[in-house]
There are 2 protein chains.
Amino acid sequence: MEQVLSDNLVISIDAMGGDNSPRVVIEGLVEASLKNPDVRFLVYGDEGKVKPLLNKYPRLKEKCELRHATEVVRNEDKPSQVIRNRNTSMYMAIDAVRRGEAKAIVSAGNTGALMAISKLSLKTIQKIHRPAIVTIMPSIAGKYVMLDLGANTECDALNLAEFALMGNIVAQHALGIARPRVGLLNIGAEDMKGKEEIKQAAQIIKNSHMNIEFVGFVEPHDLPFGKADVVVADGFTGNIALKSIEGAAKLIMTKIKNAIKTSPLAILGLPFMMGVKLKLKKSLDPRLYNGAMFVGLNGLSVKSHGGTDALGYSVAVGHAISMVRQDFVATIREELEHVDLDELSQEIIYDAY
Amino acid sequence: MEQVLSDNLVISIDAMGGDNSPRVVIEGLVEASLKNPDVRFLVYGDEGKVKPLLNKYPRLKEKCELRHATEVVRNEDKPSQVIRNRNTSMYMAIDAVRRGEAKAIVSAGNTGALMAISKLSLKTIQKIHRPAIVTIMPSIAGKYVMLDLGANTECDALNLAEFALMGNIVAQHALGIARPRVGLLNIGAEDMKGKEEIKQAAQIIKNSHMNIEFVGFVEPHDLPFGKADVVVADGFTGNIALKSIEGAAKLIMTKIKNAIKTSPLAILGLPFMMGVKLKLKKSLDPRLYNGAMFVGLNGLSVKSHGGTDALGYSVAVGHAISMVRQDFVATIREELEHVDLDELSQEIIYDAY
């Protein structure tokens, strides 16, 4: 089993996070492993609970090394507590990335805890000032990535420019877009619109030697229509946009369900609509967009939704695998060699005064 | 016709703003007038175009006084230009409110121009520091009001507290809710979440003698589920939330249409779904939520969507009428007599340092 870990593609797994762990986690790994037979997993969790599950899936078991963790991070635990307990499955799974045994860690546990331990243990990449949370969103014709979704409530222009650089690489690695179009989320498309830090970030990106296709400002109602492949915002704004989209989707789906329930004729028509339902599920199913990636650290942390199922969990693991396969962190480091965002941002911010 | 204007309920109308003006405007007034036979209109626009339309609707014509305006604000005009031209239908219609001939003005024209002229001409209510843009949004079981939607990119805690005070009165007057629940839009419900100014605004609202039911922080995905009747944000955040909701709604509706188009069986099932379609239209039709109100000025300005139809325009006019009927501006002034937000906010903001 030791030989398993000598290969490059190893993902560290916190088997204990999430509502139905470790069952959903192991079932998710079965799916992920079928699609990625070359990947190995380091699985951290309660041996008494995880081992019987792995025994059910011998082909997955071959790809896993199970490591016993005596404790679990609970949803109500505060970040300040969890960073001091090195015996939790989450801490141990992240520490495997720090030690270089794995390149990414996936957890369905407490988000704040995952971010706190990841930052403390993995540390930010040199020349990157702030890590960000990034996820993949559905659009009419495809997908786009959006960041930051809440790691940083306040951001300056330099932070936003760094998010653009990292988001560009996420879109390349996770969406397979060779030259992603990168935009800054704003309340208007014109140059003079929005907050000072957004306008300055546009200047930094334009004047840097970052190798990105910058498309300027994008407005939230344009996101579904493919105006950009990468959407950059501070964590407060990104979180507001993400949750507003979630709320609107729930509102419409609930209204549709209620309208069908109260229309006897519609109930008769439902069998005709099965194809529509399937198609919608295929493109808008939240499980297909599961997985928030913490980027900017020396290693990748991926947060799966706590309430997801095996399919959703396998999608989150799939993101981790795509990014690791192309060595995401090394790509960021390389890109940073060509640009000095720090100096450029100082020039541009001073120029404004 | 002079006698018409001696009554209280007079609304000033910019007949020339919007994509199909003045036709849509006049047709919208026909609808609004049917529901509000006691209301009179001061109609500003090109006499040659507006008069023939009014002649088609003699019952509406009786309620209108048409005043000729030689010029029109165009969509591409800059606020700095339009405030200097007193001969446009928009300027003249707003000026009627300043002179006290009408209590509210409705325009489907250029938003920036309407805000600029309204601010310059009507001025902010004494003790209110910033006007805000407010609109009515759909939820699962009803409606809520949200402000600011973009008048102020940056806001401090005092501005947010003032928006709460005004939003509360809008919900009372426009939605008929006796004691609206007022919340601050934030990225978490816990006290320590979000930006400093939002936390301080919560303190100001809690400690003021404002007569409002404050429910604390609300997150964007909770808005459709009736967590608050009034949602308060700075103009940047409110605009991001509004446009994200619009984008998500368009995404889902487009996905549904595309799925139906490509499912032959679904096309057969469509007749069964007519009731569902009607019910959705009844509760989510954007025309029913038309009308952005500029509040905090000595008079009310209502912006109708430029591309709306007669029904949508009549909804915007209906908001103006509800608010004027209950003397919205006087209610704000009365409420401000009981509270000294300025002093309170200084105490709270100093306390934080």
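Predicted model: local features only at pLDDT ≥ 70, side-chain atom pairs only at ≥ 80, totals over all residues.
## Where they touch

Domain 1 of chain A puts 19 residues into the contact, and domain 2 of chain A puts in 16. On the domain 1 side, the elements giving two or more residues are helix H1 (23–35), strand S4 (104–107) and helix H6 (111–122) of chain A. H1(A) has the largest share of that side, with eight residues.

What kinds of residues does the domain 1 side bring to domain 2 of chain A? By class, there are eleven nonpolar, five charged and three polar residues.

Now over to strand S6 of chain A, residues 143–147. Four of its five residues are buried, so S6(A) is largely enclosed by the rest of the structure.

Which strands pair with S6(A)? One is strand S5 (residues 132–138) of chain A, which runs antiparallel to S6(A) over five bridges. S5(A) and S6(A) make a hairpin, with four residues between them. Within this pairing, A:Ile136 has A:Val145 of S6(A) as its bridge partner.

Another is strand S9 (residues 230–232) of chain A, paired with S6(A) in the parallel sense over three bridges. Here A:Leu147 has A:Val232 of S9(A) as its bridge partner.

How values were computed:
Residues numbered from 1 in each chain as written. Chains lettered and ligands numbered in written order. Contact = placed C-beta atoms within 7 Å. Nonpolar A, V, L, I, M, F, W, Y, C, P; charged D, E, K, R; others polar. Buried ≥ 20, exposed ≤ 12 C-beta atoms within 10 Å, placed from the backbone. Pairing = 2+ DSSP bridges.
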